Amino acid sequence: MAKNGNGKASGGSFFEKLLSIFGSKDPEAERKRLLRNIAKNLAHTKYKFYKQNGDKVLPMFGKFIWDIYKVIGPCQLIFQNQENPNYFKHMVVNFSLTDSQRVLEENLSEQNIKNLATQMKFPELKQKVKEDIATLDSAFDEAKVSQTDNLYNLLMAFRSFCTYDYFFLLKKFDSSLREGDFNHSPHFEPIDSSYIVDDVKDFASVVASMPLSGNWNEVLALFKATRGVEPVKPNQWAKVLQRLEGLQRGRILDMLIQLITKDPTYQTTGDVKFEQIVDPYLDKIKKEALSTLNSIESEQKNSKVDNLLVQIFNTTNVNILKNYTEIGGEPFSRKDLGEFEHARALNYLKAFLVEYVKRDVREYADLVLIRGQWATTPLSQQMSDAYNIILQISEKITAFDDKMAPTGEIGVKLKTHLPSTERSKEAANIVRTLLEDANNEAKDCIIACTKNIIVFARNVKALIEDYQKKKAEIIINWKELDRFAEHPIPELSVEVYKKMYLISTLMQSLLGSGQ
């Protein structure tokens, strides 16, 4: 290698020239070089959309958009007039159903279930609804679910493409253009690229989100089946897809945006979404059907409860407890901490014990247990024990209701911790525990009392039968008891048995419904 007088290589300038030929350390120069290449590449395509000299977007781009707008214009009205996305979900799922599956769906509607409730016993209705749900569920296998979900997402992509504001973009090329007037022959002029750069970006994003290879024939068939017409001719839509595929394949819109924004690195990103609609749709049908069943069951139970109350108390307005009441539990249920779960049942039970047991039942118990001469002691002992337990539980319920008062043992703790529950997890847990314990105590009282009412009632039934016998086998002095009875023994016995049967039925009904 030749050296200069200082003994250093004299080829430094040669290497600098090589660097200038094969690469540049200047980012701005590199950006301009890339933009020139992009402009050349775009110019060599059939898409004469841009003129670098003057930075103009050319009429050919407006014509390209106009040709699409003429095809999809009628589709815009379909989507613009229906903003509820659930409409299209229902449309797609309904299109995917067979006739027998549509019958199943109709069977599970709220109105149909309510109509059947007037014709069938509730257990039979409940079984039928569950069977219909299982049949409908099994009809949607994995392949059918996938096909239906794909169709919906293709429809939504079509919707996004059709609802792009083509008119807003086109009016920038021709200010005399009128929306929806496809008989007009527009006259497009070159416009400054900066004027429509955002519109082009939005359009490019919509195109990038389009699944161009999707089953578009099924989308058109969907419209034909559900609306009676195809919103766009299949051959016209096929041409639009071909044009879009040409844009995508040649990255035409990206190059156009790169030149407009002077950013050679710009790349369009599509907003591709995929939503599963079948499972949520089926879940909605199931939930609504089961909710209707629960509503019917609740109505029937409330009707039964009201009927029992009238038979027992001659009214449905029965209030005796002061603290463990439905209203008393509302401050806790409002904060989702719990409630007084058995307030209704305990209230009715206490009212029965006060208004009936301490009057008619006591009269009957005094008559048969104190004055009656029993053939065997064990029989009278069983009935006597049940009666005494019933009276003890009555006192226990009163003490429990007192504990639930704001100044009572439990009530004061609930009152103290309730204000802190929103900011203190510990306070919330204390309140939940107190409510759980209180509800358990109330339930225990109801169950124990009901069991002993049933025991007492069974003995009454046996005594009714014994009274009617020519020779009594349980109580041997019925004739003597007739003289001491304030009311005729047969009528009093039947009335006691009937009321005890009714109250036990009421308690079982309320506990079974969690009320």
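**Exercise 1.** Are Tyr 324 and Phe 400 buried or exposed, and how are their rings arranged?

*Solution.* Step 1: both Tyr 324 and Phe 400 are buried (under 20% relative accessible area with a 1.4 Å probe, protein chains only; exposed is over 50%, partly exposed in between). The model is predicted: local features need pLDDT of at least 70, side-chain atom pairs count only at pLDDT 80 or more, and totals for chains, interfaces and linings use all residues. Residues are numbered from 1 along each chain as its sequence is written, and side-chain values use heavy atoms, leaving out hydrogens and water.

Step 2: the ring centres of Tyr 324 and Phe 400 are 5.1 Å apart and the planes stand at 65°, so the pair is edge-to-face. Rings of Phe, Tyr and Trp (its six-membered ring) pair if their centres lie within 6.5 Å; planes under 30 degrees apart are stacked, over 60 edge-to-face, the rest tilted.

Step 3: Tyr 324 is in the loop between helix 14 (278-313) and helix 15 (326-334), and Phe 400 is in helix 17 (residues 377-403), so the pair ties together parts 76 residues apart in sequence. Helices are DSSP runs (H or I, at least four residues), numbered from the N terminus.

**Exercise 2.** How many aromatic pairs does the structure hold, and which parts does the pair of Phe 158 and Trp 216 link?

*Solution.* Step 1: there are 29 aromatic pairs. Step 2: one of them, Phe 158 with Trp 216, is tilted, at 5.9 Å centre to centre and 55° between the planes. Step 3: Phe 158 belongs to helix 8 (residues 142-162) and Trp 216 to helix 11 (residues 216-227), 58 residues apart. Step 4: Phe 158 has a relative accessible area of 1%, and Trp 216 one of 6%; each is therefore buried.

**Exercise 3.** Where is Thr 421, and what does its side chain reach?

*Solution.* Step 1: Thr 421 is in the loop between helix 18 (409-417) and helix 19 (425-468). Step 2: at a relative accessible area of 10%, Thr 421 is buried. Step 3: its side chain reaches the backbone oxygen of Leu 418 at 2.8 Å. Step 4: leaving aside neighbours within four places in sequence, Thr 421 is in contact (heavy atoms within 4.5 Å) with Lys 335, Leu 337, Ala 427, Ala 428 and Val 431.

**Exercise 4.** Which ring does the charged end of Arg 371 sit over?

*Solution.* The charged end of Arg 371 sits over the ring of Phe 484, 4.1 Å from its centre. The criterion is NZ of Lys or CZ of Arg within 6 Å of the ring centre and within 35 degrees of the ring normal.

Note on methods:
Helix = DSSP H or I, 4+ residues; strand = E, 2+ residues; numbered from the N terminus. Polar contact = N/O pair within 3.5 Å; in protein donor to acceptor, adjacent residues only side chain to side chain.
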